[in-house]
Amino acid sequence: ESKILTAGLGQELNVDEFIGLQILWGVMFPAFVMVMNFALQLGFSYVLLAFFGLVGAYFPHYYCSQRKAVRYVSVISDLPFFIDLLALSTEAGMEFMNAIQKIVDKSGDTVLGQEFNTVLRDVKLGASRSEALKNLAKRLDIPEITSVVSVIVDAMGTGASVSMVLKEQSAQMRLERFVRAEKAGAK
């Protein structure tokens with residue numbers, strides 16, 4: 001379930017379907033290849049067919065990890081911009097959830113925009129803000145998001161200024177982005 005959530009496949013797959021895909025690719029595909037091997041006398045060894053089974057059973061896990069990596073890159077590249085806009089909007093006097101709504105409207109079809117839209121939908125359906133934000137951190141499973149969410153939830157809980165917290169997080173995100181760019185340049 002965690003792999004499905006972090007890969008962003010929650011709308012397309014559930015746990016039973018994931019296990020079904022493992023069975024399909026791990027058992028049914030090698031069985032099909034074995035029947036075709038026998039019928040057409042292709043000459044595949046049974047060790048190769050067993051290897052197909054292992055690779056097939058692992059394929060859904062591999063696909064989820066690839067999707068998670070793509071989502072990670074997208075979120076990390078968009079996060080400083082989103083945090084900056086949230087900081088500016090809340091500093092200008094806009095309420096936090098309205099600021100998220102404004103950013104979601106302007107963000108287009110980005111991963112982070114979709115996830116913040118899910119946060120808004122959760123709040124509209126009755127979840128508390130902190131619960132919806134914690135679910136965001138759980139769905140993305142990215143340390144930077146978890147850090148931002150925990151700081152925002154703490155600020156909301158203690159009554160601290162969310163705009164100041166977001167401003168500090170924004171500066172920290174820009175610094176981390178600069179450090180990552182320097183490391184990539186050094187490589």
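Start at the largest pocket: helix 5 gives the largest share of its lining, 4 residues. The model you have open is predicted, so local features need pLDDT of at least 70, side-chain atom pairs count only at pLDDT 80 or more, and totals for chains, interfaces and linings use all residues. Residues are numbered from 1 along each chain as its sequence is written, and side-chain values use heavy atoms, with hydrogens and water left out.

**Stop 1: the pocket**

Select Gly8, Gln11, Glu115, Thr118 and Arg139. Of the 13 lining residues, these lie nearest the centre of the largest pocket. Helix 3 and helix 5 are the elements that give two or more residues to this lining. Helices here are DSSP runs (H or I, at least four residues), numbered from the N terminus. The space in the largest pocket is about 300 Å³. A pocket is found on a 1 Å grid over the protein atoms alone: it is an open set of points with protein on both sides within 12 Å along at least five of seven lines, and lining residues have an atom within 4 Å of a point. Its volume is the space filled by probe spheres set on the points, which are joined across faces, edges and corners.

Now colour the lining by class. You get 2 nonpolar, 5 polar and 6 charged residues. Ala, Val, Leu, Ile, Met, Phe, Trp, Tyr, Cys and Pro count as nonpolar, Asp, Glu, Lys and Arg as charged, and the others, Gly among them, as polar.

**Stop 2: the cavity**

A search of the whole structure finds 1 cavity of 30 Å³ or more. In a cavity, a 1.4 Å probe fits but cannot get out. Select its lining: Leu79, Ile83, Leu86, Phe96, Phe116, Leu133, Leu136, Ile145, Val148, Val149 and Ile152. Which helix gives the most to this lining? Helix 7 does, with 4 residues. By class, the lining has 11 nonpolar, no polar and no charged residues.

**Stop 3: helix 3 against helix 7**

Show helix 3 and helix 7 (residues 143-158). Their axes come within 10 Å and cross at roughly 35 degrees. Axes are lines fitted to C-alpha atoms over the stretch in contact, and angles run from 0 to 180 degrees between N-to-C directions. Select Tyr72, Val75, Ile76, Leu79 and Ile83 on helix 3, then Glu144, Ile145 and Val148 on helix 7: these make the contact. Contact means heavy atoms within 4.5 Å.

**Stop 4: aromatic pairs**

Rings of Phe, Tyr and Trp (its six-membered ring) pair if their centres lie within 6.5 Å; planes under 30 degrees apart count as stacked, over 60 as edge-to-face and the rest as tilted. The count comes to 6 aromatic pairs. Select Phe29 and Phe52. This pair is tilted, 6.0 Å centre to centre, with 55 degrees between the planes. Phe29 is in helix 2 (residues 15-40) and Phe52 in helix 3 (residues 46-91), 23 residues apart. Phe29 is partly exposed, at 33% relative accessible area. Buried means under 20%, exposed over 50%, and partly exposed in between (1.4 Å probe, protein chains only).

Move to Phe82 and Phe116. They are stacked, 5.8 Å centre to centre, with 15 degrees between the planes. Phe82 is buried at 3%, and Phe116 is buried at 7%.

**Stop 5: Pro60**

Last, select Pro60, in helix 3. Pro60 is buried, at 5% relative accessibility. Pro60 touches Phe18, Leu21 and Gln22, not counting residues up to four places away in sequence.
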